Amino acid sequence: MEKEDPLERLERIEREKREKHGAGGLKTTMNLLIVVAVVLAVALAYVWIQKSRLVSDLKIEKQDLTEQIVALQSDYEALSTDYDSINSQLDSSRQEINLLVERIKKTDATNRAKMRQYEKELGTLRSIMRGYIVQIDSLNNLNHQLTLQAAEARKEAAESRRQNAKLTAQVDNLSNRVAAGAVLKARGISAVAYNASDKVTDRSSRVVRLLVNLSLVENELAPRGPVRVFVLVKDPSGNVLDDGTGASFMYGGQTVGATASREVDYEGSEVDMSIYVNNVPAYYKGVYKVEAYTSQALLGETELLLR
């Protein structure tokens, strides 16, 4: 066996040392990379777990906030009052909370800014509702007091009415008598027809005008001053003749067309008066009915027969 050269032996030993040292360094590096990977995996797992917990907590908070808003929505729906002004305000607040319910349902739980905003709006709507309740209670108390006062006033008024019933009846009776007595009356109502020669005639073909005569009787209770008397002349068919003057008056709440009219000055004493009916195109055979009125009453009526 050949003896190894000392120089070669030293080189071999040195080369073996280097190879051994390189293998150890690679193993150390691999170990370090494994440790780093494990640490990163643990860190990522921790972050993921924390994020999952946060999202879960936020969802729970959103659910709780949603339930509070829905509960307040039910409270608003149940709140009612008989006062129109408050009802109008309630309708507006109900619309606001309905919109808030829709908005929170559509908002992601992780949107913290929106959730805080909705919490503030919920608090505001709660404060507004408390204000409504205070207003309604105050108005109900006031209404109760007014109801009691009104009942007492009605009781007192009823007692006064009972005490004054007899006197009121007497006054009304007297007033009715005075009013009835103040109505103007007439007598002696008559109607005649004239021909073109200004002579009385009963021939329908010759009549050119009619004359209605009457007397307003004496009445101390009747109002003094101008009085207009209206005459209605109805032909045999019941139609009111029109002399072209367009006279009309209110009677019984209705407008009545008259054939002719005349105004006289009445001072309580008897007044004789005549009213002409002119400008009627034609007269026909039959019975003509003549009625005399004031705006307050029918004075009387008569008939005229034309052949």
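Residues are numbered from 1 along each chain as its sequence is written. Because the model is predicted, local features need pLDDT of at least 70 and side-chain atom pairs count only at pLDDT 80 or more, while totals for chains, interfaces and linings use all residues; side-chain values use heavy atoms, with hydrogens and water left out.

The predictor's confidence in each residue is given as pLDDT, from 0 to 100. The chain has a mean pLDDT of 80, and 83% of its residues reach 70 or more. Confidence is lowest in α1, where the mean is 71, and highest in β8, where it is 96. Residues 169-180 have a pLDDT below 50, and beyond near neighbours in sequence this stretch has one contact in the model, a contact being heavy atoms within 4.5 Å. Where pLDDT is low, the predicted coordinates should not be read in detail.

Helices (H or I, at least four residues) and strands (E, at least two) are DSSP runs, numbered from the N terminus. Helix α2 covers residues 84-106, which is 23 residues. At 1.5 Å a residue these should span 33 Å, and the end C-alpha atoms of α2 are 34 Å apart, which agrees; the expected span is 1.5 Å times one less than the number of residues. Residues are called buried under 20% relative accessible area, exposed over 50%, and partly exposed in between (1.4 Å probe, protein chains only). The buried residues of α2 are Ile-86, Leu-90, Ser-93, Arg-94, Ile-97, Leu-100, Val-101 and Ile-104. An α-helix has 3.6 residues a turn, so residues three or four places apart point the same way.

Leaving aside neighbours within four places in sequence, Glu-77 is in contact with Arg-94 and Asn-98. The C-alpha atoms of Glu-77 and Arg-94 are separated by 7.3 Å, although the two are 17 residues apart along the chain. Glu-77 counts as partly exposed because its relative accessibility is 48%.

An open sheet is formed by three strands in the order β1-β2-β7, with antiparallel pairing; two strands pair if DSSP finds at least two bridges between them. Its edge strands, each pairing on one side only, are β1 (186-194) and β7 (271-277). Strand β2 (residues 209-216) is joined to β7 by seven bridges, and Val-212 stands opposite Ile-275 in β7.

Most residues other than glycine have a negative phi. Asp-198, in the loop between β1 and β2, has a positive phi of about 65° although it is not a glycine. Asn-279, in the loop between β7 and β8 (286-293), likewise is not a glycine and has a positive phi of about 60°. Asp-198 is partly exposed, at 44% relative accessibility, and Asn-279 is exposed, at 61%.

A nonpolar core is a set of buried Ala, Val, Leu, Ile, Met, Phe, Trp, Tyr and Cys residues joined through side-chain atoms within 4.5 Å. The largest has 31 residues, and those with the most contacts inside it are Leu-210, Leu-214, Leu-216, Val-229, Val-233 and Tyr-283. At least two residues of this core come from each of β1, β2, β3 (225-234), β6 (260-266), β7, β8 and β9 (298-306). Another core, of 19 residues, lies apart from it and includes Ile-69, Ile-97, Ile-104 and Ile-136.
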